[in-house]
Amino acid sequence: MKVLDLQCAHGHGFEGWFASSEAFESQLAAGLVECPICSDTAITKLLSAPRLNLSGATAPAPATPAVDSPEARWMRAMREVMAKTEDVGERFADEARKMHYGETEERGIRGQASPEQAEALREEGIPFVALPVPAALKENTH
Ligand SMILES: [Zn+2]
């Protein structure tokens with residue numbers, strides 16, 4: 001099986017599964033490959049990218065130089081998280097719960113939770129991630 005990244009003339013991207021590249025070429029030539037969105041048969045094959053299993057990721061991660069240290073990558077990831085989330089501090093558990101039950105708008109938040117609060121959230125099935133925040137970044141937020 002070959003999974004190809006395809007695109008129609010209208011810019012709709014989709015995946016096509018073919019027995020081989022040759023099978024794709026012949027089906028394409030016969031006009032049998034069509035866009036699932038608009039049925040266009042002017043299909044082009046995109047350069048196949050390495051498949052990353054990042055469920056939930058909305059944008060590809062920026063290319064990282066090979067010389068990057070794990071610490072540098074971690075700091076950058078943390079900075080990104082901090083830039084995209086609202087610091088709700090001690091109210092973290094309350095805010096997470098309100099969002100879970102639809103009492104407040106969904107957004108990215110971060111803050112502190114005691115082990116008891118974290119346990120309670122877990123029991124209620126409220127998703128959250130516990131991250132050890134580097135002290136250097138923590139100081140910048142206050
Ligand atoms: Zn299309």
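What geometry does the site of the zinc ion have, given the angles among its four donor atoms? The site is tetrahedral, with angles of 102 to 114° among the four donor atoms; four donors count as tetrahedral if all angles lie between 85 and 135 degrees.

This is a predicted model, in which local features need pLDDT of at least 70 and side-chain atom pairs count only at pLDDT 80 or more, while totals for chains, interfaces and linings use all residues. Residues are numbered from 1 along each chain as its sequence is written, and side-chain values use heavy atoms, with hydrogens and water left out.

**The whole chain**

Begin with the cartoon view. The chain has five helices and five strands, arranged along the sequence as β-β-α-β-α-β-α-β-α-α. Helices (H or I, at least four residues) and strands (E, at least two) are DSSP runs, numbered from the N terminus. Of the 142 residues, 22% are buried; buried means under 20% relative accessible area, exposed over 50%, and partly exposed in between (1.4 Å probe, protein chains only).

**The zinc ion**

Select the zinc ion next, together with Cys8 (SG), His12 (ND1), Cys35 (SG) and Cys38 (SG), its protein donors, which lie 1.9 to 2.3 Å from it. Donors are N, O and S atoms within 2.8 Å of the metal (3.2 Å for Na, K and Ca); water is not among the atoms, so sites may look incomplete. Along the chain, the donors follow the spacing C-x3-H-x22-C-x2-C. His12 lies in the loop between strand S1 (2-8) and strand S2 (13-18), and Cys35 in the loop between helix H1 (21-29) and strand S3 (43-45), so this pair ties together parts that are 23 residues apart in sequence. His12 is partly exposed at 24% relative accessibility, whereas Cys35 is buried at 1%.

Move to Ser39, in the loop between H1 and S3. Ser39 is not a glycine, yet has a positive phi of about 65°.

Select Val88 in strand S4 (residues 86-89). Val88 is buried, with a relative accessible area of 4%. Beyond its neighbours within four places in sequence, Val88 is in contact (heavy atoms within 4.5 Å) with Glu95, Arg107, Ile109 and Arg110.

From there, go to Arg110 in strand S5 (residues 109-111). Arg110 is buried but has no salt bridge, and the nearest side chain of opposite charge, Asp87, is 4.1 Å away. A salt bridge is a side-chain nitrogen of Lys or Arg within 4 Å of a carboxyl oxygen of Asp or Glu; Lys and Arg count as positive and Asp and Glu as negative, while His and the chain ends are not counted. Display also the backbone oxygen of Met82, which lies 3.0 Å from a polar atom of the Arg110 side chain.

**Salt bridges**

There are seven salt bridges by this rule. Select Arg107 and Glu95, whose side chains meet in one at 3.0 Å, N to O. This pair links distant parts of the chain, with Arg107 in the loop between helix H3 (92-100) and S5, and Glu95 in helix H3, twelve residues apart. Arg107 is partly exposed at 24%, whereas Glu95 is buried at 6%.

Next, select Arg97 and Glu124, which form a salt bridge with their closest N and O atoms 2.9 Å apart. Arg97 lies in helix H3 and Glu124 in the loop between helix H4 (115-123) and helix H5 (135-140), so the pair ties together parts that are 27 residues apart in sequence.

Finish with Glu119 and Arg122, whose side chains meet in a salt bridge at 3.8 Å, N to O. These two residues are three residues apart in helix H4 and so are separated by about one helical turn.

Notes. Four donors count as tetrahedral if all angles lie between 85 and 135 degrees; four count as square planar and six as octahedral if opposite donors are over 155 degrees apart and all others between 65 and 115; anything else is irregular. A polar contact is a pair of N or O atoms within 3.5 Å; within protein, one must be able to donate a hydrogen and the other to accept it, and residues adjacent in sequence count only if both atoms are side-chain atoms.
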